[in-house]
Amino acid sequence: MKTDYASLRSQVRNFSDFYGAAITDAKKQISAAMSEMSEANKDLLEKYRKEVALRRKYHEQLVELKGNIRVLCRVKPVLKEDQHEEGQSVVVTTDPNNESALSVLKGQGRSHNFELDRVFHPQATQEEVFQEIEPLVTSCIDGYHVCIFAYGQTGSGKTYTMEGSTENPGINQRALKHLFSEIEDRKDMWTYTVTVSSVEIYNEVLRDLLSKDGEKLDIKINPDGTGQLHVPGLRVIEVKSFQHIKKLLAQARRNRITFGTQMNQHSSRSHALLMTTVVGIDLASGAKTTGKLNLVDLAGSERVWKSGAEGERLKEAQNINRSLLALGDVIQALRGKEKHIPFRNSRLTYLLQDSLGKGNKTAMVVQVGTHDSTVRLIHTDYNVCISIYVYS
Ligand SMILES: Nc1ncnc2c1ncn2[C@@H]1O[C@H](COP(=O)(O)OP(=O)(O)OP(=O)(O)O)[C@@H](O)[C@H]1O
Ligand SMILES: [Mg+2]
């Protein structure tokens, strides 16, 4: 028994040495496996980064190929509440086999065919329209300045396209939702700060749509010496989530009705702008990008002399037409690479100056109704179409 006891004791003593050595060995094996894994991970991350950079490059090439100023047209469906004057018939038709064609009857069986970047038939959904805009929204995260305008006569569907309804939101909500989901996808490599402002321009007066009292604002040259414009007193709100944005959009919509357009709740007689700035920082290199996305629901163009408007309403219509013409002139001058771009001729173009110039991207969604005979004056050169449409 004594011998057994002595042998057991020595076994117990040795066990702790043996046990310690086994643990050290296992630890070594585990750490070797881990470092192997982390090497593989590093390699994967590097490949992923390259892949993302390549994707961005192709994305940019795609947007470049499509052109920096794109004109899309959305034809409004005929609604029950649309009352057409007697004798008016369908004059605008789309071609189911050609997504770029728009045909306008000129009478005596003749028609005028237009070719645009994209034409949406009356049954096109809000999502289909957004799909066409989506690459531009992505460009904004990559540091580009982007403007998206809805343009057209009163009642042609501009606000529907930009704001949409609660059940069926338009470009504004979809763009910001896309922006946040894209930011989430890139969070391992980039950190982003998103800020928004919203203003309306009514009779050439600029108002903050995110303030309670709709303060009048002015556009000034930034005293910081960068030569950039800024709007003193404009509310710039940092947003962290899509839900927060939805609240701000609702507030801006309510204010747009209250401040400028008491006369008619459904018609917008002002230009409404939702301006989003996205500042990104590359976590690896510290590089910074600043992109801007301007979503603009323009006021409806009107045939002043035909509408028989007088007094305030006439002044309103004249101001709207004047600023739309100024927008047309700016885009034409940009396309013509002219030395002088007349940004200062309207508040709208002055405010958007740093987003409309060279290297930026613009999409114009021209809204038309199927009974809209004025559309016959749209010129095939997209850029002048804007001014000609206003004159009609
Ligand atoms: N594609 C569409 N599908 C269904 N309804 C539409 C569509 N486009 C417009 N509408 C409806 O037509 C009406 C007029 O549209 P909207 O208010 O968007 O016109 P608008 O161009 O903004 O006019 P205004 O210049 O007077 O502000 C609205 O009731 C809107 O819901
Ligand atoms: Mg409107």
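Strands E1 and E15 pair in the parallel sense over eight bridges, where helices (H or I, at least four residues) and strands (E, at least two) are DSSP runs numbered from the N terminus, and two strands count as paired if DSSP finds at least two bridges between them. The structure is a predicted model, in which local features need pLDDT of at least 70 and side-chain atom pairs count only at pLDDT 80 or more, whereas totals for chains, interfaces and linings use all residues. Residues are numbered from 1 along each chain as its sequence is written, and chains are lettered from A and ligands numbered from 1 in the order in which they are written.

Strand E15 also pairs with E6, again in the parallel sense, over seven bridges. Met364 of E15 takes part in both pairings, as the bridge partner of Val71 and as the bridge partner of Phe149. Nine of the nine residues of E15 (residues 361-369) are buried, so this strand is largely enclosed by the rest of the structure; a residue is called buried if 20 or more other C-beta atoms lie within 10 Å of its own, exposed if 12 or fewer, and partly exposed in between, with C-beta atoms placed from the backbone. In a regular strand the side chains alternate between the two faces of the sheet. In E15 both faces are covered, with Lys361, Ala363, Val365, Gln367 and Gly369 buried on one side and Thr362, Met364, Val366 and Val368 buried on the other.

A separate paragraph may be given to the open sheet of three strands, which has the order E2-E3-E4 with antiparallel pairing. Its edge strands are E2 and E4 (110-115), each of which pairs on one side only, and the twist averages 30° from one strand to the next, the axes being lines fitted to C-alpha atoms, for helices over the stretch in contact, and the angles running from 0 to 180 degrees between N-to-C directions. Strand E3 (residues 98-107) is joined to E4 by six bridges, and the two run antiparallel; within this pairing, Val104 has His112 of E4 as its bridge partner. Ser89 lies in the loop between strand E1 (69-76) and strand E2 (92-95), and it counts as exposed because it has 9 C-beta neighbours inside 10 Å. Although Ser89 and Thr370 are 281 residues apart in sequence, their C-alpha atoms are 8.3 Å apart in space.

An unreviewed UniProt entry lists Gly152, Gln153, Thr154, Gly155, Ser156, Gly157, Lys158 and Thr159 under "binding site"; such positions are given in the numbering used here, feature names are shortened, and annotations may be inferred rather than shown by experiment. Among these residues, Gln153 is placed in the loop between strand E6 (145-152) and helix H3 (158-162), and Gln153 is buried because 20 other C-beta atoms lie within 10 Å. Gly155 is found in the loop between E6 and H3 as well, but with 18 C-beta neighbours inside 10 Å it counts as partly exposed.

Two helices were compared with their expected spans, the expected span being 1.5 Å times one less than the number of residues. The 15 residues of helix H4 (residues 171-185) should span 21 Å, and the end C-alpha atoms are 21 Å apart, which agrees. Buried residues in H4 include Ile171, Asn172, Gln173 and Ala175, together with Leu176 and Leu179. Helix H7 (residues 311-335) has 25 residues and reaches 36 Å from its first C-alpha to its last, close to the 36 Å expected. The buried residues of H7 include Glu316, Ala317, Asn319 and Ile320, as well as Asp329, Val330 and Ile331.

Most residues other than glycine have a negative phi, and most peptide bonds are trans. Against this background, Lys337, which follows H7, has a positive phi near 50°. Asn203, although it is not a glycine, has a positive phi of about 50°, and Asn203 is found in the loop between strand E7 (190-202) and strand E8 (205-208), where it is partly exposed, with 16 other C-beta atoms within 10 Å. Glu204, found in the loop between E7 and E8, has a positive phi near 65° and counts as exposed, with 12 C-beta neighbours inside 10 Å.

The protein averages a pLDDT of 83, and 87% of the residues score at least 70, pLDDT being the predictor's confidence in each residue, from 0 to 100. Over residues 376-392 the pLDDT is below 50, and beyond near neighbours in sequence this stretch has 41 contacts in the model, two residues being in contact if their C-beta atoms, placed from the backbone, lie within 7 Å. Where pLDDT is low, the predicted coordinates should not be read in detail.
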